[in-house]
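These are my notebook entries on one protein chain. I set down what I looked up, entry by entry.

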Amino acid sequence: MKRKLFAAVLCASMVAGTLVVPTAVHAEESKGLIGVAMPTQDLQRWNQDGENMKKELEEKGYEVDLQYAGNDVATQVSQIENMIANGDQLLVIASIEGDSLGTVLAQAKENDIPVIAYDRLIMNTDAVSYYATFDNYLVGKTQGEYIVDALDLENTDGPYNIEFVTGDPGDNNVNFFFGGAMDVLQPYIDEGKLVVPSGQMTKDEVATANWATETAQARFENILSSYYADGTNLDAVLASNDSTALGVANALAANYTGEYPIITGQDCDIANMPNIIDGKQAMSVFKDTRTLASKVVEMVDAIMTGGEAPVNDTETYDNGTGAIPSYLCEPVAVTVDNYKELLIDSGYYTEDQFE
């Protein structure tokens, strides 16, 4: 594989009005310049992902050009263009929209720059070399199974009322989160044990642009006023991540007087942990970004030293040009009963962060 020679002088460039300076590893000591493109700093998890990767890559001797695009596709495209122009030798990209990067990644391919899609599969381009993520189907399946167990659907008749809130329609992961959950829950809907008073069940109907808390809250306020204002109980909400779960909880606090529902989530965001501890959110799916970052660093190092990146799935994730070799990390359910062990004892958080 050809690789572009990295200039001996550190580069600085203007991207979206912000001065971008690669990290201060001396050029003569560097093993190469790695571009890391993250979608936004508005969600806690992307800050953690970016910083974890940056730290571990630097420890291995790489320079890191870490960029956040503010959930703006044009900004992310511009940042990646600059990474290519600046001589980045490998790109790790968490895309804002999976279909938006084909043209700029064609430039990466022309320059023999490998691309690792990070957590969100980049669609319809043959420039993606590898994909690293969590088992996103298992995330949704875990959320669905939690609802089944919490409502004891195997042993009770119901009916129980449920609503759905998932994420950005441009994020390919939504297909796996929602698909995994619905594969578990749909039989109970068909049986009549679960009922959806709003009737909103398709991916497009339950989507939340940019996974934004305020967008989820506004939609859920409308659901509550339209279908639950008469005192109807809401028994469960499948929320695909914590930012949407927080929107649901905010809407319930302002507009709901019935029995409190089961609410799922994902990412174990600091903002949501008090709700989990207080019983306002039943669970969240923990994806230890340290594990994913470490695996991606291992993949980067293997590629940069002329080897093949480790993968454990070569069939599941087809981006429209074929199945992308992938590494899937395993998620785990977090509740009030095990959060200390999984989040605090492991050093992921400190307890005072939840106060």
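**Entry 1: cysteines**

I began with Cys 268 and found that this residue is buried, with a relative accessible area of 0%. I noted that the model is a predicted one. I then looked up Cys 329, which is also buried, at a relative accessible area of 5%. How many disulfides are there? The count is zero. I recalled that a disulfide is a covalent bond between the sulfur atoms of two cysteines. Cys 268 takes part in no disulfide, and the nearest cysteine sulfur to it belongs to Cys 329, 15 Å away.

**Entry 2: the annotated span**

I consulted the UniProt record, an unreviewed entry, which lists residues 34-307 as "domain: Periplasmic binding protein". In the model I found this span to be 45% helix and 15% strand.

**Entry 3: nonpolar cores**

I turned next to the largest nonpolar core, which has 35 residues. Among those with the most contacts inside it are Ile 34, Val 92, Tyr 118 and Val 300. Which elements give two or more residues to this core? They include strand 3 (33-38), helix 1 (44-59), strand 4 (63-68) and helix 9 (289-304). Helix 9 contributes the most, with eight residues.

I followed Ile 34 in particular. Leaving aside residues up to four places away in sequence, I listed its contacts, including Leu 57, Val 64, Leu 90, Val 92, Val 300 and Met 304. I also recorded a second, separate core of 24 residues, which includes Ile 80, Leu 91, Ile 122 and Phe 176.

**Entry 4: a pair of helices**

I compared helix 2 (residues 73-85) with helix 3 (residues 102-110). Their axes come within 10 Å and cross at roughly 10 degrees. Are the two helices roughly parallel or roughly antiparallel? They are roughly parallel to each other, because angles under 35 degrees count as such. On the side of helix 2, the contact is made by Val 77, Ile 80, Glu 81 and Ile 84; helix 3 supplies Val 104, Leu 105, Gln 107 and Ala 108.

I located Asn 173 in helix 5. Is Asn 173 buried or exposed? At 1% relative accessibility, Asn 173 counts as buried. Beyond residues up to four places away in sequence, Asn 173 touches Asp 119, Arg 120, Leu 121, Tyr 131 and Asn 136.

Tyr 327 is in strand 13 (residues 326-329). I checked Tyr 327 against Thr 133: they are 194 residues apart along the chain, yet their C-alpha atoms are separated by 6.4 Å. Thr 133 is one of the residues that Tyr 327 touches, and Tyr 131, Ala 132, Lys 295 and Met 299 are also among them.

Phe 220 belongs to helix 6 (residues 213-227) and is buried, with a relative accessible area of 0%. The residues it touches include Glu 163, Val 165, Leu 234, Val 237 and Leu 252. I also compared Phe 220 with Gly 35, and found them 185 residues apart in sequence and 38 Å apart in space, C-alpha to C-alpha.

**Entry 5: loops and backbone geometry**

I found Ala 229 in the loop between helix 6 and strand 10 (236-239), where it counts as exposed at 63% relative accessibility. Ala 229 and Gly 258 are 29 residues apart in sequence, with their C-alpha atoms 9.4 Å apart.

For the backbone, I kept in mind that most residues other than glycine have a negative phi, and that most peptide bonds are trans. Where is there a cis peptide bond? One joins Gly 158 and Pro 159, with omega about 0 degrees. Pro 159 lies in the loop between helix 4 (136-151) and strand 8 (160-165).

Asp 152 is found in the loop between helix 4 and strand 8. Its phi is positive, near 55 degrees, and at 33% relative accessibility it counts as partly exposed. Asn 210 has a positive phi of about 60 degrees, although it is not a glycine. I placed Asn 210 in the loop between strand 9 (194-195) and helix 6, and recorded it as partly exposed, with a relative accessible area of 37%.

Note on methods: Residues numbered from 1 in each chain as written. Predicted model: local features only at pLDDT ≥ 70, side-chain atom pairs only at ≥ 80, totals over all residues. Heavy atoms only, no water. Disulfide = S-S within 2.5 Å. Buried < 20%, exposed > 50% of the residue type's maximum accessible area, 1.4 Å probe, protein only. UniProt positions renumbered as here; feature names shortened; annotations may be inferred. Helix = DSSP H or I, 4+ residues; strand = E, 2+ residues; numbered from the N terminus. Core = buried A, V, L, I, M, F, W, Y, C linked by side-chain atoms within 4.5 Å. Contact = heavy atoms within 4.5 Å. Axes fitted to C-alpha atoms, helices over the stretch in contact; angles between N-to-C directions. Parallel < 35°, antiparallel > 145°, perpendicular 65-115°, else oblique.
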